[in-house]
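Dear colleague,

Please find below the structure I promised to hand over.

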Amino acid sequence: MSEKSVENLDGSTPVHSDKKGLLSGLVVAAVLVALGTFVFSESIETLDVKAEELGFEGFSLLPAPFPEYTVPGFEDPLVNFLLGVVSVVLVLVAAFAVGRLLSSPHGSRGAPSA
Amino acid sequence: MHIPDGFLSLPIIAFTYVLAISFLAISFRKVKGNVDERLIPLMALLTALFFAVQMINYPIIGGTTAHLLGAPALGILLGPWLGSISMTIILVLQCFLFADGGVTALGANMLNMAIIGVMVPYAFYSFFSKKGGKKAIGIGIFIGAFLGDVLGAVAAGLELGLSAPVFQYGVSIAVPAMGIHHSVIGLAEGFVTLAVVYSTIKIRPSILSLNRGLSVMIPSTDGVRNE
């Protein structure tokens, strides 16, 4: 597929669609974080249940700043939601940075398959 | 499926770390300089979205909950090597910022979710896409996503079972427990992966030309054609 057709397929310039796409994606991510914080927040995984039956709990060797996706000292779900949104942005920036590190100039081969 | 600290024996920790880091090094080598820079925003966005997806814990069987992995969609949309790197970013940040998965178990978690969880779905997708036709590709995506989740969980069960006496359940209990529960999650992962792959292609059709692995899905009059 030619370079021209890549741009035409989106019906807009890549830069414009990237910004629009990123913003739309972040809104979707915020909705997902809201669902995970306010509605589906309780986590009882199989592994936790089996470990509990044995009478021991997993622990964290290194102290994490936000254990269980919460800000220590704040019980408010709204704070957890904001932490979730900030975390999503952090993941986005980290992935962007790694992607830049691995990328090739515009118009090169694209992501390699297996 | 995130294994915390204290569940794995030292040999299993060492073995899984060596395997995961070797694979990560191969992935970096494979994609370094080969990723079209126009794919990067989509890679970053998908990574962030699946991080968010993993925060949603939905109820399954026996009073337990589960969350989607997102690894199959990352592997299919970004390619296996970049998909693995993308999933690794999620796991590393979850481990060090949120204590979701232990630092001693990071190698095992990478092996289960960023390697098996990405590679198995991609392999099935790739195999079925060679058969041609929209239906075959859809079946490949669904089966791949299902098996990616289940086999990742079975691997976690094996790592835990082989860690006895640290984790006191042996393989005969740990593997079925993880596998059965994750077969339910696998079904959900299959449907979600199908939806994510097709909707991403619909929203951003340029991904078809940016990722060579997806070139078989270039829309034609039949919807999808095999090249």
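What follows is a short account of what was found in it.

This is a predicted model, in which local features need pLDDT of at least 70 and side-chain atom pairs count only at pLDDT 80 or more, while totals for chains, interfaces and linings use all residues. Residues are numbered from 1 along each chain as its sequence is written, chains are lettered from A and ligands numbered from 1 in the order in which they are written, and side-chain values use heavy atoms, with hydrogens and water left out.

On confidence (pLDDT, the predictor's confidence in each residue, from 0 to 100), chain A has a mean of 75, with 71% of its residues at 70 or more. For chain B the mean is 85, and 89% of its residues reach 70 or more, although pLDDT is below 50 over residues 218-227 of chain B.

As for the interface, 69 residues of chain A are in contact (heavy atoms within 4.5 Å) with 73 residues of chain B. The area buried between the two chains, which is the accessible area (1.4 Å probe) lost on putting them together, summed over both, is about 6400 Å², and carbon and sulfur atoms give 68% of this area. The rule finds zero salt bridges between chain A and chain B, taking a side-chain nitrogen of Lys or Arg within 4 Å of a carboxyl oxygen of Asp or Glu as the criterion.

Finally, β1(A) pairs with β1 of chain B (residues 35-36) in the parallel sense over two bridges, where pairing requires at least two DSSP bridges, and S104(A) stands opposite D36(B).

Technical notes
Helices (H or I, at least four residues) and strands (E, at least two) are DSSP runs, numbered from the N terminus.
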